[in-house]
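Subject: Handing over the structure

Dear colleague,

I am passing on the structure that we spoke about, and below it you will find an account of what turned up in it. Please look at the structure first and then read on.

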Amino acid sequence: MKKVLFATTALIATASMAAADVRISGYGRFGLDYNDRNSNKITDPNYNGISETTITSRLRLQFDMSTETDGGVTLGARFRAQAESRDNAPGGAVFNGARFYASVGGFTLGVGNIIGAIEGMPGLYLETKSAGMGIDGAGFHSLVTNVAANVAGQFFNWDAYSSAGVGANGLEVLYSAGAFGGHLSYSTDNDTVVGGVRTAIGGDRIAVNLSYTFGDWTAALGLQDSDTIGEDKTVLTVAGKLGQFGVRLAYADNDGIDKFGIYGNMDIGAASNILLFVTSEDAADAGAIAQGRDNRDVTVGNDRGGEGESYGIHYSYDLGGGASFEAGAVKSSNDQTQVQAGVFFTF
Amino acid sequence: MKKVLFATTALIATASMAAADVRISGYGRFGLDYNDRNSNKITDPNYNGISETTITSRLRLQFDMSTETDGGVTLGARFRAQAESRDNAPGGAVFNGARFYASVGGFTLGVGNIIGAIEGMPGLYLETKSAGMGIDGAGFHSLVTNVAANVAGQFFNWDAYSSAGVGANGLEVLYSAGAFGGHLSYSTDNDTVVGGVRTAIGGDRIAVNLSYTFGDWTAALGLQDSDTIGEDKTVLTVAGKLGQFGVRLAYADNDGIDKFGIYGNMDIGAASNILLFVTSEDAADAGAIAQGRDNRDVTVGNDRGGEGESYGIHYSYDLGGGASFEAGAVKSSNDQTQVQAGVFFTF
Amino acid sequence: MKKVLFATTALIATASMAAADVRISGYGRFGLDYNDRNSNKITDPNYNGISETTITSRLRLQFDMSTETDGGVTLGARFRAQAESRDNAPGGAVFNGARFYASVGGFTLGVGNIIGAIEGMPGLYLETKSAGMGIDGAGFHSLVTNVAANVAGQFFNWDAYSSAGVGANGLEVLYSAGAFGGHLSYSTDNDTVVGGVRTAIGGDRIAVNLSYTFGDWTAALGLQDSDTIGEDKTVLTVAGKLGQFGVRLAYADNDGIDKFGIYGNMDIGAASNILLFVTSEDAADAGAIAQGRDNRDVTVGNDRGGEGESYGIHYSYDLGGGASFEAGAVKSSNDQTQVQAGVFFTF
């Protein structure tokens, strides 16, 4: 069992900076998830055969390949394999769709499994290891772009780098210059054709974000225009620091359904951080009702619909060596409660 | 085709022993498998369209990730991808379910694709590269915990690290202190729910092993208690050395069906080793018959049922560089004969 | 985000040359594909819901494992994972079937996902990064062993290393001595047996190539004998250099259907290369018509059948650092036009 130890701080130097390389990195996380949507007591109204408390885990292995041309352009690509378990349903892993890029100066062209301009905008995700609550994000109700519970396609309805799937197969341009950042993304789907007959028109998604940093503060605007009903978005975020406090505000108009969020976190001592958030989302508006996107009166399992407040608290303790203890609790606007605790480590 | 050579004896040192790392390792093996259950002569009673002699091969690529916290706890994970061919049916590979662990001192907590306490008990598997006979284990009839042929779920009916699947998604605790070792494992399945109705109750498996080493000898006891009928097990093993001879005895009560095994191996010269084994398993008992686990009179293909003796011989020759020649022949209690020979190499 | 940089020119030395190692390499390529077979205009006769111009991309990650025995035999294996997008249908990646080998002196035994003697013969593929035209090969009409368009199984109907599948699961022997090279490959399929009844007989493929190099010129002969109708092949190639010009001639008898090819390329300045090719293939002969392999009058989509000329032009510009700009256009004998341009980089 002799093995190579590829330590993450080692750098095997080469004569030329233009040499191609492969970087291996990733993270592991595992812990327990309490989810009041699950029950393995057959007498419970929400019985689904899954214990309320299950293991949540993910192992991500990531490969980053790149080279630099004589002209100073970096050409590269990334792909990942990640094995996950949620709700006691473990999975193996395949590699996701690849993202390719060419970058020079502050300019980057991305192709394939793109990041996406909404996904990549500053101030959208939580400042935690999972980018959500607890160990696995706990539903990501903290995002102002996710509304009205996990129904009617209003969750993650934007182009985003897919870690376990193939992604948008789009094109994107990122640009940064000093305090300014911009990001434009585009993708289109093929029409669905069955037996020579079109059964669905492939839609386009185009999105942009613009951001500006002034001192400790960053403001960002994101817009998405989609051929698919209910996917147009306008997003605004402002994030910054007030001494040891991190403060963030976010707002999104999700094709007529508003959602606001306020987020705060503070360091406690040398190794701890506590984060709090509250979001408030509207009920579906007349337009969404007309489009059938109204979930107020739809009961999905024991879900009463998603309008109202979501709030959560998260605690992180740095264990050193790239590892940390993470715990979080969230009550979401669709009356779901999740509590998670476990460890996270990078490599 | 410039490439990095990651040699297995190299260690890229880092300033801190706490740094995270990824280790890449694995093995390849390939050879020929003669199996009298296969036949591509249409006139044979056991015709199944597969040649009696086929390629057997496996390529395993394994990633071990770990880091150490400031408090001296090692956090880590493992996953593998392995491509296999048996019976001329080659396969590609995906990553299996991940096993996570936290260890400190002699104590280890495992989560996910756990090893399992029966699987991990000392003295269960053969002392060969495949842990069975020949190149690919040749059916693993040598294990006292595998009884009554490949029918009625009596093979590999315990929680075990799955190299090609997702495993048990369980929890386990391993402890070692001096000569003593202990291992406790637990897993549970979700209920099967179809259209809101429970169609199957998810079962628990709990297992434990305890072992003690005195001089050249190790004795181990393993127990499994399962909600699934026929899976309760009591296993005893004793293994040690008598000069150049390795000797091992094993016994298991497989929910009423006894199986005994005796195993011996000896080094010949500097590079060779010969291993012999005989096992004897009972016919199904009254309990198993009542539960429908009796295979004595069941003919599966040309399988007459599994009671009686299995025996085998294995030869290994060390080729140097982590490679070896491996050959083995086994006649199992269900009248199957397999002969395999080929090479094995680690990296 | 500390990462290991595994630079491609680095060699981590070991005390013994016999040490096992793993080499990681691969390439990325991405660009645009214009294909007149695609149309997302519903009024077009060739409407298929896919835009005429789409992203074509591939990311290949390859692992080569090997060790050397004390006797000087190299034992090794290779497998790959590659994610691809063609026609706006992106994919993820799994590992392909493994190829194992043992080599000593000029002799190599290959097992599993073999290269194959037709696939591996000198002078068959184009001298480009994709081994075909443009970014992704653009249909590989340049090969004299691909005839009569993508119908009736006359494309890639020989054993070849499969990058995304499991391959032939065969055996092969390669031998080279000075100017001479030889390659013999064999594979067989299992019979298809449904409910104990044979529904299809598994066929054998045996192939051989012989090559000889004299000065700047290499001549090669390839033969394939297959149990499957239409797969017998005789292939001849001659390739060499006339100053700055590369010249190649190829001919194949594809079980009665002849195809000729002439290929030329020249360096322009320090970094550019232009390549041209023309192939001419016969209509199906009487034998192929009798066997139902005649595609002259078969219309598949807007495909009029494959007899006649295919021709193409390819341009490559070396960008340094293992990267290049690649562009190509091909008009194939079945009236398909493809134009592709993009970048290619190795790592």
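A:Gly181 counts as buried because its relative accessibility is 11%, where buried means under 20% relative accessible area, exposed means over 50% and partly exposed lies in between, with a 1.4 Å probe and protein chains only. Before going further, please keep in mind that this is a predicted model, in which local features need pLDDT of at least 70 and side-chain atom pairs count only at pLDDT 80 or more, while totals for chains, interfaces and linings use all residues. Residues are numbered from 1 along each chain as its sequence is written, chains are lettered from A and ligands numbered from 1 in the order in which they are written, and side-chain values use heavy atoms, with hydrogens and water left out.

To return to A:Gly181, this residue is placed in strand E9 (residues 180-188) of chain A; helices (H or I, at least four residues) and strands (E, at least two) are DSSP runs, numbered from the N terminus. Leaving aside residues up to four places away in sequence, A:Gly181 touches A:Tyr175, A:Ser176, A:Asn209, A:Leu210 and A:Ser211, a contact being heavy atoms within 4.5 Å. Between the C-alpha atoms of A:Gly181 and A:Phe107, which are 74 residues apart along the chain, the separation is 10.0 Å.

For chain A as a whole, the count is one helix and 20 strands, and 52% of its 347 residues are buried. Among the contacts in chain A with a separation of 6 or more, 53% come from residues 24 or more positions apart. The accessible surface of chain A is about 13,600 Å², and carbon and sulfur atoms hold 59% of that surface; such areas come from the Shrake-Rupley method with a 1.4 Å probe, and for residues only the protein chains shown count as cover.

Next come the charged side chains. Side chains of opposite charge can pair when their charged atoms come close. Over all chains, the search of the whole structure gives 32 salt bridges, each defined as a side-chain nitrogen of Lys or Arg within 4 Å of a carboxyl oxygen of Asp or Glu.

One of them joins A:Glu231 to A:Arg205 at 2.8 Å, N to O. This pair links distant parts of the chain, 26 residues apart, with A:Glu231 in the loop between strand E13 (217-226) and strand E14 (233-242) of chain A and A:Arg205 in strand E12 (residues 204-214) of chain A. A:Glu231 counts as buried at 9% relative accessibility, and A:Arg205 is buried with a relative accessible area of 18%.

In chain C, the side chains of C:Arg205 and C:Asp159 form a salt bridge at 2.8 Å, N to O. C:Arg205 lies in strand E12 (residues 204-214) of chain C and C:Asp159 in the loop between strand E7 (107-112) and strand E8 (170-177) of chain C, so this pair ties together parts that are 46 residues apart in sequence. Both C:Arg205 and C:Asp159 are buried.

The aromatic rings are the next topic. The structure holds 45 aromatic pairs over all chains, where rings of Phe, Tyr and Trp (its six-membered ring) pair if their centres lie within 6.5 Å, and planes under 30 degrees apart count as stacked, over 60 as edge-to-face and the rest as tilted. Among them is the stacked pair of A:Phe79 and A:Phe95, at 4.4 Å centre to centre and with 15° between the planes. A:Phe79 is in strand E4 (residues 74-86) of chain A and A:Phe95 in the loop between strand E5 (89-90) and strand E6 (99-104) of chain A, so the pair ties together parts that are 16 residues apart in sequence. A:Phe79 and A:Phe95 are both buried. Ring pairs also link A:Phe63, A:Phe79, A:Phe95, B:Phe63, B:Phe79, B:Phe95, C:Phe63, C:Phe79 and C:Phe95 into a cluster.

Finally, some strand pairing in chain B, where two strands pair if DSSP finds at least two bridges between them. Strand E16 (residues 257-268) of chain B and strand E17 (residues 272-281) of chain B run antiparallel and are joined by ten bridges. These two strands, E16(B) and E17(B), form a hairpin with three residues between them, and B:Gly269 in the turn has a positive phi of about 65°. E17(B) also pairs with strand E18 (residues 308-320) of chain B, in the antiparallel sense and over ten bridges. B:Ser280 in E17(B) stands opposite B:Phe260, and B:Ser280 also stands opposite B:Glu309 in E18(B).
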